[in-house]
Structure formats: C-alpha cells, structure tokens
Amino acid sequence: MKIPIIAIAFSLASMQFAMNAFADESKSQNAHTQTEKQKKFQQTATAKKKQNVRKTAPVSIALGKTLYKQYQCFDCHSIAGKGCANGMKLDSVGSKRTKNFIREHIADPDKHFDKNPKAFDADLNLMPPQNLEPYEIDSLVEYLHTLK
Ligand code: HEC
C-alpha cells in the first residue's frame with residue numbers, strides 16, 4: 001500500500017508543477033501582449049500629436065531658428081562661425097537674397113539651382129531635398145532673412 005500512495009503523491013506534485021509552469025507562461029504572454037498594445041497606443045498618440053503640431057504650428061522666426069538646428073542645416077552651412085567650416089555661409093543671406101529666393105531654394109534646391117545657374121559659384125546643386133512642410137519652410141525663410 002505504501003508504493004501507490006507515494007506514486008499518487010508524486011504525480012499530484014508533478015501535475016501541480018506543470019500547472020504552475022502553464023500559469024506562469026500564460027501570465028508572461030499576457031504581460032507581453034499588454035506592453036505591445038500599450039506601445040501601439042502610445043505610438044499612435046504621439047503620431048497624432050505630431051500631426052496636430054505640424055498642422056497648426058504658426059510661422060515664426062523662433063521656430064525657424066529651432067528647425068535650422070533640428071534639421072541640421074549646419075552640417076553644410078555656417079552662421080557666425082558655427083557649423084560646417086567649409087560649408088556655405090548663411091551669415092548675410094538676408095541682405096544678399098530675397099525671401100522668395102531663400103524660399104525657393106529650401107523648397108526645391110535642385111529646381112531652384114537649375115533656374116538660377118549664375119546665382120551660385122558651382123556647376124551643380126549639392127543641397128539635398130529637405131521635404132519640409134510649408135510652415136517650416138516659411139519659418140526658416142523668416143529666420144534666415146534676419147541674418148544681415
Ligand atoms: C548636404 C548639405 C546641405 C544641407 C544639409 C543643407 N544645405 Fe543648404 N545648401 C547647400 C549647398 C551646397 C548650397 C549651395 C547651392 C546648392 O548647391 O544648391 C546650399 C544653399 C542654400 C541656400 C541658398 C543660399 C544662397 O545665398 O544662395 C539656402 C537658403 C540654404 N541652403 C538653406 C538650407 C537650410 C535651411 C537647410 C536645412 C533645412 C539646408 N540648407 C541644408 C548644402 C546643404
């Protein structure tokens with residue numbers, strides 16, 4: 001009689017063990033889907049927020065200054081000695097160029113270069129397209145035009 005009791009106790013214990021393992025696994029799976037869901041929700045919320053900012057942000061010199069840094073225009077340009085040492089200086093772009101000239105260049109450097117080949121000391125356009133929103137372009141224009 002002793003052996004069967006031990007056997008039953010053993011099998012009960014191993015069943016308990018298996019159930020625990022199963023419970024743990026489903027718990028961790030649950031936790032996993034939770035975080036995935038939360039992540040997705042957060043991503044959508046951030047994207048929506050960004051879209052709203054992009055749609056409603058007003059044009060300003062201050063925003064232009066921020067965008068100049070944010071989009072790293074200084075990789076190829078310099079202002080007051082800050083930025084790319086060999087890059088094109090934008091220090092007095094506001095007295096050299098009209099707002100329209102600056103706007104057209106930022107909006108589509110390639111097209112603008114081809115339209116005004118004599119305005120530049122180079123044979124080809126080296127500024128990549130910036131793909132900016134209209135209010136971003138306008139803000140950059142307002143900012144750059146203050147540089148005299
Ligand atoms: C990869 C290098 C590069 C980046 C990045 C770049 N530019 Fe340029 N940019 C140039 C070059 C080179 C020229 C000279 C003309 C040309 O090649 O199109 C130029 C010309 C200009 C001009 C015309 C200036 C003039 O007096 O003729 C403006 C304005 C300008 N860039 C603004 C910007 C702004 C604003 C940004 C950032 C949003 C920017 N650039 C980013 C390379 C760059």
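Helix H6, spanning residues 134–144, is mostly covered, with nine of its 11 residues buried. That stands out in a chain of 148 residues where buried residues make up 11%. This is a predicted model, and its secondary structure comes to six helices and three strands.

**H6 and its cover**
- The buried residues of H6 are Glu136, Ile137, Asp138, Ser139, Leu140, Val141, Glu142, Tyr143 and Leu144.
- Helix H2 (61–70), helix H3 (93–96) and helix H4 (99–107) are among the elements that cover those buried residues.

**H2 against H6**
- Two packed helices are described by the angle between their axes and the distance between the axes.
- For H2 and H6, the axes come within 7 Å and cross at roughly 100°.
- Angles of 65 to 115 degrees count as roughly perpendicular, and H2 and H6 are therefore roughly perpendicular to each other.
- On the H2 side, the residues that meet H6 are Ile61, Leu63, Gly64, Lys65, Leu67 and Tyr68.
- Their counterparts in H6 are Glu136, Ser139, Leu140, Glu142, Tyr143 and Leu144.
- Sorted by class, this contact has seven nonpolar, two polar and three charged residues.

**Around the ligand**
- The ligand has 24 residues around it, and Cys73, Cys76, Asn125, Leu126 and Met127 come nearest.
- Four helices each supply at least two residues of the shell: H3, H4, H5 (109–115) and H6.
- H4 gives the largest share, three residues.
- By class, the shell has 17 nonpolar, four polar and three charged residues.

- The three strands form an open sheet in the order S2-S1-S3, with mixed pairing.
- Strand S2 (82–83) and strand S3 (88–89) stand at the edges with a single partner strand each, so one side of each has no neighbour in the sheet.
- Strand S1 (residues 77–79) pairs with S2 in the antiparallel sense, over two bridges.
- Isoleucine 79 has lysine 82, in S2, as its bridge partner.

**Two residues with positive phi**
- Alanine 80 has a phi near 50°, a positive value in a residue other than glycine.
- You'll find alanine 80 in the loop between S1 and S2.
- Alanine 80 counts as exposed because it has 9 C-beta neighbours inside 10 Å, and the cut-off for exposed is 12 or fewer.
- Asparagine 131 is not a glycine either, yet its phi is positive, at about 50°.
- Asparagine 131 sits in the loop between H5 and H6.
- With 9 C-beta neighbours inside 10 Å, asparagine 131 counts as exposed.

**Contacts along the chain**
- Among contacts in the protein chain with a separation of 6 or more, 63% are between residues 24 or more positions apart.

Definitions and conventions:
Residues are numbered from 1 along each chain as its sequence is written. This is a predicted model: local features need pLDDT of at least 70, side-chain atom pairs count only at pLDDT 80 or more; totals for chains, interfaces and linings use all residues. A residue is buried if 20 or more other C-beta atoms lie within 10 Å of its own, exposed if 12 or fewer, and partly exposed in between; C-beta atoms are placed from the backbone. Two residues are in contact if their C-beta atoms, placed from the backbone, lie within 7 Å. A residue is near a molecule or strand if its C-beta atom, placed from the backbone, lies within 6 Å of it. Ala, Val, Leu, Ile, Met, Phe, Trp, Tyr, Cys and Pro count as nonpolar, Asp, Glu, Lys and Arg as charged, and the others, Gly among them, as polar. Two strands pair if DSSP finds at least two bridges between them. Axes are lines fitted to C-alpha atoms, for helices over the stretch in contact, and angles run from 0 to 180 degrees between N-to-C directions. Angles under 35 degrees count as roughly parallel, over 145 as roughly antiparallel, 65 to 115 as roughly perpendicular and the rest as oblique.
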